[in-house]
Amino acid sequence: MPQDTNRHPLPADFRWPDGIRAAALFSFDLDAEAVMLGDHPETGRYLDVIAHQRYGPRVAVPRILRMLDRLDLRTTFFVPGWVAETWPDVARSVRDAGHEVGHHGYLHESVRGVDEETEVGYLRRGLAALNEVLGIRPVGYRPPSWDINYRTPGLLAREGFRYDSAMMDSDHPYRLATSPEPGAPTLIELPVHWSLDDWNRYNYVPGYTGNSPVGRPSEVCAAWAEELDAIVEVGGLFSLTMHPFVSGRPARAAALERLIERAAAIDGLWLATGEELASWVETLDLPPVLHEPPVIRP
Ligand code: ZN
């Protein structure tokens, strides 16, 4: 079915490859313990919290890799450097299954309120860890917790990244400016949204995050399917962010597998990795979008 571009016009100069009308990125952020240690260092002393997080590398990643293999889907895992160092065999199993590995901080640090030197330090320590453990230089970056500063795109370009995946201001990928200077480097932005994150649907760590009761997998995946259909309708990017320790539990993984099967059956929907999407969008002559702080006049 062709895109109804009268009803849902695509952004200026944006198009998908021939025969494609929308795309889907089923990505995983392999946070493990790092997401709790980064935000709440005291949780390192709480075995209950740490064991909850270790479900990801111990049980969920192998289950998800088996599922993705059954589905013949190659996707993107964003891996904090500390997680790669702490769980090297797990990180290598992701790489060796053919998935893209992206950068996700070192210890899942938020960059809110930190100075530039500190932020660059997180980027470089994460890069060094992924190089040491996996022998890779990632091209994609997903900021821990999607926290991003106005200077971050410029830092990413300087470190050789080609795409970022953090922002919520578009249904479609776009070209991200790093500076107002003409000819300055650009990145590709692969947008995300809270509605397409497993964290707030399922995750519950008493005292730290979420609410009880947690979401029912069939209902969560029905909500995501509704989002998927609407995004396909507007010719956008369905970008689902998941965490192995969250979505890799049996009923959740089973519902997710049905959702991916449903997506794979949609005519003209491209199930891609972040790098594949960025490589396509780089070929388009899109006007760069520059993000600057809002101006409030006195
Ligand atoms: Zn994360």
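This is a predicted model: local features need pLDDT of at least 70, side-chain atom pairs count only at pLDDT 80 or more; totals for chains, interfaces and linings use all residues.
Me: OK, and which residues is valine 281 in contact with, leaving aside neighbours within four places in sequence?
Reply: Pro173 and Ile188. Isoleucine 188 is 93 residues away in sequence, yet the C-alpha atoms of the pair are 7.0 Å apart.

Me: What makes asparagine 200 buried, exposed or partly exposed?
Reply: Asparagine 200 belongs to helix H7, residues 199–202, and has 13 C-beta neighbours inside 10 Å. Exposed needs 12 or fewer and buried needs 20 or more, so asparagine 200 counts as partly exposed. Its C-alpha atom is 8.9 Å from that of valine 214, a residue 14 places apart from it along the chain.

Me: How do you know whether the peptide bond from serine 212 to proline 213 is cis or trans?
Reply: Look at omega: it is near 0°, which is cis. Proline 213 lies in the loop between H7 and helix H8, 217–233. Most peptide bonds are trans.

Me: Why is H2 called roughly parallel to H10?
Reply: Helix H2 (residues 47–71) and helix H10 (residues 250–264) pack at about 25°. Angles under 35 degrees count as roughly parallel, so H2 and H10 get that label. Their axes are 11 Å apart, and the crossing is right-handed.

Me: What meets what where H2 packs on H10?
Reply: From H2 you get Arg63, Ile64, Met67 and Leu71; from H10 come Ala253, Glu257, Ile260, Glu261 and Ala264. Sort the residues of that contact and you have 6 nonpolar, no polar and 3 charged.

Me: What about H2 and H4: why that label for their angle?
Reply: The axes of H2 and helix H4 (residues 88–96) cross at roughly 10° and come within 11 Å. With the limit at under 35 degrees, H2 is therefore roughly parallel to H4.

Me: How does the contact of H2 with H4 divide into nonpolar, polar and charged?
Reply: It's 5 nonpolar, 1 polar and no charged. Pro57, Val61 and Leu65 in H2 meet Val90, Ser93 and Val94 in H4.

Me: What is the phi of aspartate 13, and is the residue buried or exposed?
Reply: Its phi is near 70°, a positive value in a residue other than glycine. Most residues other than glycine have a negative phi. Aspartate 13 is in the segment before strand S1, 22–29. It has 11 C-beta neighbours inside 10 Å, and with exposed meaning 12 or fewer, aspartate 13 counts as exposed.

Me: How do you know whether the radius of gyration of the protein chain agrees with a compact globule?
Reply: For 298 residues, the globule value is near 19 Å, and the chain has 19 Å, so the two agree. The C-alpha trace spans about 55 × 45 × 45 Å along its principal axes, and 44% of the residues count as buried.

Definitions and conventions. Residues are numbered from 1 along each chain as its sequence is written. The radius of gyration is taken over C-alpha atoms; the globule rule is 2.2 Å times the number of residues to the power 0.38. Axes are lines fitted to C-alpha atoms, for helices over the stretch in contact, and angles run from 0 to 180 degrees between N-to-C directions. Helices (H or I, at least four residues) and strands (E, at least two) are DSSP runs, numbered from the N terminus. Angles under 35 degrees count as roughly parallel, over 145 as roughly antiparallel, 65 to 115 as roughly perpendicular and the rest as oblique. A crossing is left-handed if the near helix is turned anticlockwise from the far one by less than a right angle, and right-handed if clockwise. Two residues are in contact if their C-beta atoms, placed from the backbone, lie within 7 Å. Ala, Val, Leu, Ile, Met, Phe, Trp, Tyr, Cys and Pro count as nonpolar, Asp, Glu, Lys and Arg as charged, and the others, Gly among them, as polar.
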